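Subject: Structure for you to look at

Hello,

Here is the structure I said I would pass on. Please open it first and keep it beside you while you read the notes that follow.

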Amino acid sequence: PLIGIATIYRADQMSKKLISLIVPAYNEEDCVDELFSRLDAVFATEPQYDFEVVIVENGSTDKTWSLLQKIASSDKRFKPIRLSRNFGMDGGVTAGLELATGDACVIMTADLQDPPELIVEFIEKWESGYENIFMIVEKRSTSNVLRRVNSKLFYFMAGRLTGGLIPKDVSDFRLVDRKVYEAVRGMEEQNRFVRGLFAWVGFRSIGIKHPRPARFGGESKARLSTVLRLAKHGILSFSDIPLRLITWFGLVCSGLALGTMVVFAILKFVIGTPFAGFATIVTIVLFFFGLLSFMIGILAEYVAMIHSEVKNRPNFIIAEKLNQ
């Protein structure tokens, strides 16, 4: 009988589904202990699953890595890796995806603005047949006015320029089925906007609305320049509409120029004054030169992205692994 019980127990252990968690962490020494505690509590409520946590230390300059070493030594489910430098949020997620082995994968941040307790709802949706479950930020109570305006503007432009590919207020916090994250993992592009990649691959998706809580500790790393750079990559990586607009701008400007020439020709023969106002002409010329410079700038951004792709450098470099 004891042998039979042991056999049943081993079979039950082998039949458990594995859920991988990918958690980029950059200078999060104030958060990692609380993150460990809350994830451990979530895991305890889901005993029918096995979990592994790939915490990607992303070039921190504080005690984040030493704290992760202590956590890894006490719990083998936590498998930190240390990158050689900071490769950004998307670089950290890409590194974690390379090491994920689960039947499903959760992507979240280490600052606890992605509440770990929501993972339970993600799992329920996954088991009901959804393959890409993500959090929709219902409220950004801790963001300043400028950040909220930037977010609204980004999602408006991203929605318009990508044909609605990127849902409004969707966050990186999500659970995806193995087939989904393997599809994204197989993409080798350098200018990565992971949130957009998960939207692009499709599959059966659903969002769960939830307010975004404040950071547990530390300071936000999302500077305005970082957010604007991410927005630029997100839009240009998934839309060629800015390039197409250049053609339309050119046609409109040519039409205006032709119309202006006709008007001036008529004025010449009717009232004998070919140019009614020098200041007006200079203003128009400067405007169109500015517009031309803007168009060249758009082309330069696309050329810069092509340049990055051609170099084909890795999106991350792993310096150290624990519990792998």
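**Salt bridges**

Glu 182 is partly exposed, with a relative accessible area of 34%. Please keep in mind that this is a predicted model. Glu 182 forms a salt bridge with Arg 185, and their closest N and O atoms are 3.6 Å apart. The two residues are three places apart in helix H7, so about one helical turn separates them.

Lys 179 makes a salt bridge with Glu 131, with 3.3 Å between the closest N and O atoms. Lys 179 belongs to helix H7 and Glu 131 to the loop between H5 and S5, so this pair ties together parts that are 48 residues apart in sequence. Lys 179 is partly exposed, at 41% relative accessibility, whereas Glu 131 is buried, at 18%.

A further salt bridge joins Arg 38 to Glu 117, and here the closest N and O atoms are 2.9 Å apart. Arg 38 sits in helix H2 and Glu 117 in the loop between S4 and H5, which makes this a link between distant parts of the chain, 79 residues apart. Glu 117 counts as partly exposed, with a relative accessibility of 40%. Asp 40, Asp 75 and Arg 77 are linked in a network of salt bridges. The structure holds 10 salt bridges.

**A buried charge without a partner**

Which side chain of opposite charge is nearest to Glu 46? It is Lys 16, and it is 11 Å away. Glu 46 is buried yet has no salt bridge. Glu 46 lies in the loop between helix H2 (32–45) and strand S2 (49–57). Apart from residues up to four places away in sequence, Glu 46 touches Phe 51, Val 120 and Ile 123.

**Helices with a buried side**

In helix H7 (residues 178–185), the buried residues include Val 180, Tyr 181 and Val 184. These residues cover an arc of only 90° around the axis, which puts them on the same side of H7. Among the elements that cover the buried residues of H7 are helix H4 (88–99), strand S4 (104–107), S6 and helix H8 (194–201).

Helix H5 (residues 119–127) has Ile 119, Phe 122, Ile 123 and Trp 126 as its buried residues. Seen down the axis of H5, they fall within an arc of 100°, so they line one face of the helix. After H5 comes Gly 129, which has a positive phi, near 120°.

**Strands**

Why is strand S5 (residues 132–137) described as largely enclosed by the rest of the structure? Six of its six residues are buried, so the rest of the structure largely encloses S5. In a regular strand, side chains alternate between the two faces of the sheet. In S5 both faces are covered: Asn 132, Phe 134 and Ile 136 are buried on one side, and Ile 133, Met 135 and Val 137 on the other.

S5 runs antiparallel to strand S6 (residues 170–177), and four bridges join them. Phe 134 stands opposite Arg 174 in S6. With strand S7 (residues 205–210), S5 pairs in the parallel sense over six bridges. Here Asn 132 stands opposite Ser 205.

Ile 133, in strand S5, is buried, with a relative accessible area of 0%. Leaving aside neighbours within four places in sequence, Ile 133 has contacts that include Phe 122, Trp 126, Phe 173, Leu 175, Ile 206 and Ile 208. Ile 133 and Ile 123 are 10 residues apart in sequence, and their C-alpha atoms are 8.7 Å apart in space.

Strand S1 (residues 17–25) is mostly covered, with seven of its nine residues buried. S1 and S2 run parallel and are joined by nine bridges. Val 23 has Ile 55 as its bridge partner in S2.

**Nonpolar cores**

The largest nonpolar core has 38 residues, and those with the most contacts inside it are Leu 21, Leu 39 and Ile 119. A second, separate core has 23 residues, among them Val 54, Leu 99, Ala 100 and Val 201. Neighbours within four places in sequence aside, Leu 21 is in contact with residues including Leu 39, Phe 43, Phe 51, Val 106, Met 108 and Ile 119.

Regards

Terms used:
Residues are numbered from 1 along each chain as its sequence is written. This is a predicted model: local features need pLDDT of at least 70, side-chain atom pairs count only at pLDDT 80 or more; totals for chains, interfaces and linings use all residues. Side-chain values use heavy atoms; hydrogens and water are left out. Buried means under 20% relative accessible area, exposed over 50%, partly exposed in between (1.4 Å probe, protein chains only). The arc is that of the directions from the helix axis to the C-beta atoms. Lys and Arg count as positive and Asp and Glu as negative; His and the chain ends are not counted. A salt bridge is a side-chain nitrogen of Lys or Arg within 4 Å of a carboxyl oxygen of Asp or Glu. Contact means heavy atoms within 4.5 Å. A nonpolar core is a set of buried Ala, Val, Leu, Ile, Met, Phe, Trp, Tyr and Cys residues joined through side-chain atoms within 4.5 Å. Two strands pair if DSSP finds at least two bridges between them.
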